[in-house]
Amino acid sequence: MNSPVLESGFAACAADWQGLPAICLTLPGGDSALIALQGAQVLSWVTGGQEQLFLSPHAAHDGHTPIRGGIPVCFPQFNQRGPLVKHGFARTLAWQAQADAARIDGDGLRLVLRLADSAATRAVWPQAFAAELSVWLQPAALTVALAVHNPGDAPLAFTAALHTYLSVDDVAATTLSGLQGLRYWDAVADTHPLQEGELRFGPELDRVYPRPAQAMGLHAGGAPRLRITQDAGWADTVVWNPGAALCARLADMPANGHAHMLCVEAAAIDAPVVLAPQAHWQAAQRLERPQAAPGGAHGIASAC
């Protein structure tokens, strides 16, 4: 590969995950990310020697079933809020990207993956569109941005999310701050209470908050683990953990999988994004490790 990303310890290379094509990014300090071409899905992000994303050991890898974990891209529909397959078709389709197209950007590496409408997408969603997912790996930080362009001559409406699965040692010892004072929809109880204090986790939790103005903080055992921010284009924040009972019914999750993951999703779902002809939309979610995490196993992307 004749590319500047091989200089000074930066590397981008074609990789394989469970038989599926992927691209691995590695920084001089050892931080890495693995991105599957199916769904433009980030499967692994290692920083400080520790895996930051949860990927189910039972995740599908047949090339057309959604992959449980990492950062799935929900587009052009979130969940079952519309006529399409749950969470839209983008997470099961092959996006276009080449490892040698990755480029050094500041102190990190940036990879852009692309998806456009086709006969298959127009058969279920008769819209012209062009989507890009930008993955920017920096030391102790990962920024993922979804961009959508409407090349057609009619308005384009969609909902979307970055369905981020974060890895935690024990969800019962995990807290999430930054959502205090916001009124949310509790999808489990179908109520709209006010968030008081930090979020704590135990039974099934499924909530939709308005995007907080400040950063969210993930804490493990009282220690800061991640700082999470999202652009204003993501008007909503979804927080989800299936709890033990629901997790046991999910075929692609281990029985105790709920104890080791927490979804904090940047989303645009309560009000669809509407793009005028030729208009563009873009929004990012940024994950930052505020301090070196103690120990931990290296993730699957470290072999690049």
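This is a predicted model: local features need pLDDT of at least 70, side-chain atom pairs count only at pLDDT 80 or more; totals for chains, interfaces and linings use all residues.
Biologist: Fine. What percentage of the chain's residues count as buried?

Modeller: Of its 304 residues, 54% are buried.

Biologist: And how many helices and strands are there?

Modeller: The chain has 2 helices and 21 strands. These are DSSP runs numbered from the N terminus: helices are H or I with at least four residues, and strands are E with at least two.

Biologist: How does the radius of gyration stand against the globule rule?

Modeller: The radius of gyration is 18 Å, close to the 19 Å that the rule gives for 304 residues, so the chain is as compact as a globular protein of that length. The radius is taken over C-alpha atoms, and the rule is 2.2 Å times the number of residues to the power 0.38. Along the principal axes, the C-alpha atoms fill a box of roughly 50 × 50 × 35 Å.

Biologist: Now the sheets. What is the strand order in the open sheet of 9 strands?

Modeller: The order is β7-β8-β9-β10-β21-β18-β17-β13-β15, and the pairing is antiparallel. Two strands pair if DSSP finds at least two bridges between them.

Biologist: Which strands stand at the edges there?

Modeller: They are β7 (103–105) and β15 (199–200); each has a single partner strand, so one side of each is left without a neighbour in the sheet.

Biologist: What joins β13 to β17?

Modeller: There are 4 bridges between these antiparallel strands, and β17 covers residues 216–220.

Biologist: Which way do the residues of β13 point?

Modeller: Thr174 and Leu176 point one way, Thr175 and Ser177 the other way, and all are buried.

Biologist: Let me move to Gln138. Where is its place?

Modeller: Gln138 is in strand β9, residues 130–138. It is buried because its relative accessible area is 9%. Apart from neighbours within four places in sequence, Gln138 is in contact (heavy atoms within 4.5 Å) with residues including Leu27, Asp31 and Arg286.

Biologist: What about Pro72: where is its place?

Modeller: Pro72 is in the loop between β5 (50–51) and β6 (73–74). Pro72 counts as buried because its relative accessibility is 3%.

Biologist: How many residues apart in sequence are Pro72 and Leu162?

Modeller: They are 90 residues apart in sequence and 6.0 Å apart in space, C-alpha to C-alpha. Leu162 is among the residues that Pro72 touches, as are Gln41 and Tyr165.

Biologist: Which strands form the open sheet of 5?

Modeller: The order is β1-β2-β3-β4-β5, with antiparallel pairing. At its edges stand β1 (11–17) and β5, each with a single partner strand, so one side of each has no neighbour in the sheet. Within this sheet, β3 (residues 32–36) and β4 (residues 41–47) pair over 5 bridges, and Ser32 stands opposite Val46 in β4.

Definitions and conventions: Residues are numbered from 1 along each chain as its sequence is written. Side-chain values use heavy atoms; hydrogens and water are left out. Buried means under 20% relative accessible area, exposed over 50%, partly exposed in between (1.4 Å probe, protein chains only).
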